Amino acid sequence: MGCGSCGTGKPNGCKSNGGCSTGGCNRLNVHDWLMNLPFSDPESSCKVVEVSFKQGSRKEFFRNTTLQFFEKGDYVTVEGVSGFDVGEVSLTGELVRIQMKKKGVDEFNPEMKKILRRSTERDIESFQISKSREKEMLARSRAMARTLNLEMKLSEVEVQADGKKATFFYTADDRVDFRELIKQYANDFKVKVEMRQIGIRQEAAKVGGIGSCGRELCCSTWLHDFKSVNTTAARYQNLSINQTKLSGQCGRLKCCLNYELDTYLDALQHFPDYADQLDTVMGTAYLIKKDIFKNLMWYVLPNNTKHYPLTIQRVKEIKRLNQQGQKVEELQPVEVTSSKPKEVEPAFVDVVGQISLRSLERNDKRRKDQQRGDRRNGGQQQGTRGQGPRPQGNQQENNRPQGPRPQGNQGRGQGPRPQGNQQGNRPQGPRPQGNQGRGQGPRPQGNQGGDQKPKPEA
């Protein structure tokens, strides 16, 4: 994962603040495997530092004349055009000499620019303000180029950290007269304009992307030396000449066609030359393909669609007989066996009628009945009152279950009645102790209503 896609701005793996060397943080990174090794002569160490700009799309070498030691990922302020620029340290130490030798840069060149200081907060703030202008400048510059009807394509704009200079990268097939365009850019953007032409592959490296292999583009991650690629490389590898499959995102042939070309050329040295046709009694056999890894050559006969694989020794033998004026009666093809286990196709199974709609309807009906029963039980628990003591004050309902009742409830259930007010539709007069209305049990002594008389002694 690139550092720009996380919230902290630091890679989770190496914790080096932008130096994870995956291509997402900085392009064309080089792992400094000599960084932790001590040197016997520190004075002879390389004093040049590689600094990257715009996430590795441009890298330059600067001389470190300060006494400070810079690590990979540090922001430094370097000399620019009539000002200063801010970049990120991408490589230090002895590996810088190897990179300079590879790119043909002289280490002791007096015209090499210098590192001024470690970037301060003010430098970084100015750097961020300048970078925020790039998208707007790119859109407006493209509109100006279309207005002047120039056959060019602007791919990227890079503004210096102090905002005094802007570099416009463009691609074009022919020469472009952009003198009037430069005047408009300088008047509109108030910067010093530099036009730099790049190739199609360099543009793809700056834009970046994912290739057909599923990985990041080689030109965006590690490839910086672009070699010419032609269709001959595809023919040597027995690839079909299909421009859609062989072309990359830049519209040119893929650079990876050259990666395995040397291996194929070494293997093709064992195959005979001028063996495209073989004379047989049945007709002329024509070569259709070469299997380099199995050392086989495939031929086909006229009026026949069958392919005949022949070994290299058999082809050489037939070719020697043809040169003597003899025609072979048969090609003697070899039997090609595959090491892969043959997949057993599953037998046809008729499942019609195994699942009927009645079973589905039965399950649906059972589910609905269960839900209906759950709702009925839930309603009974909420609406129906169970047996047990009842609260005070309710004396009008008749359908009550039997059981002891608390004070104040004078229903028709059985059980002793508490003392208190028992007014209602009751016959007046003295009542014996054994008769408690319609309920059974002794009645406690006390006030039994307004018109009731005291009970006679038993």
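Reader: What order do the strands of the open sheet of five strands have?
Author: In this predicted model, local features need pLDDT of at least 70, side-chain atom pairs count only at pLDDT 80 or more, and totals for chains, interfaces and linings use all residues. Residues are numbered from 1 along each chain as its sequence is written, and side-chain values use heavy atoms, with hydrogens and water left out. Strands are DSSP runs of E of at least two residues, numbered from the N terminus, and two of them pair if DSSP finds at least two bridges between them. With antiparallel pairing, the order in this open sheet is 2-1-4-3-5.

Reader: Which residue in strand 4 is the bridge partner of Val 76?
Author: Strand 3 (residues 75–79) and strand 4 (residues 84–91) run antiparallel and are joined by five bridges. In strand 4, Val 76 has as its bridge partner Gly 87.

Reader: At about what angle to strand 4 does helix 2 run?
Author: Helix 2 (residues 121–132), a DSSP run of H or I of at least four residues, lies across strand 3, strand 4 and strand 5. Contact here means heavy atoms within 4.5 Å. The angle of helix 2 to strand 4 is about 100°.

Definitions and conventions
Axes are lines fitted to C-alpha atoms, for helices over the stretch in contact, and angles run from 0 to 180 degrees between N-to-C directions.
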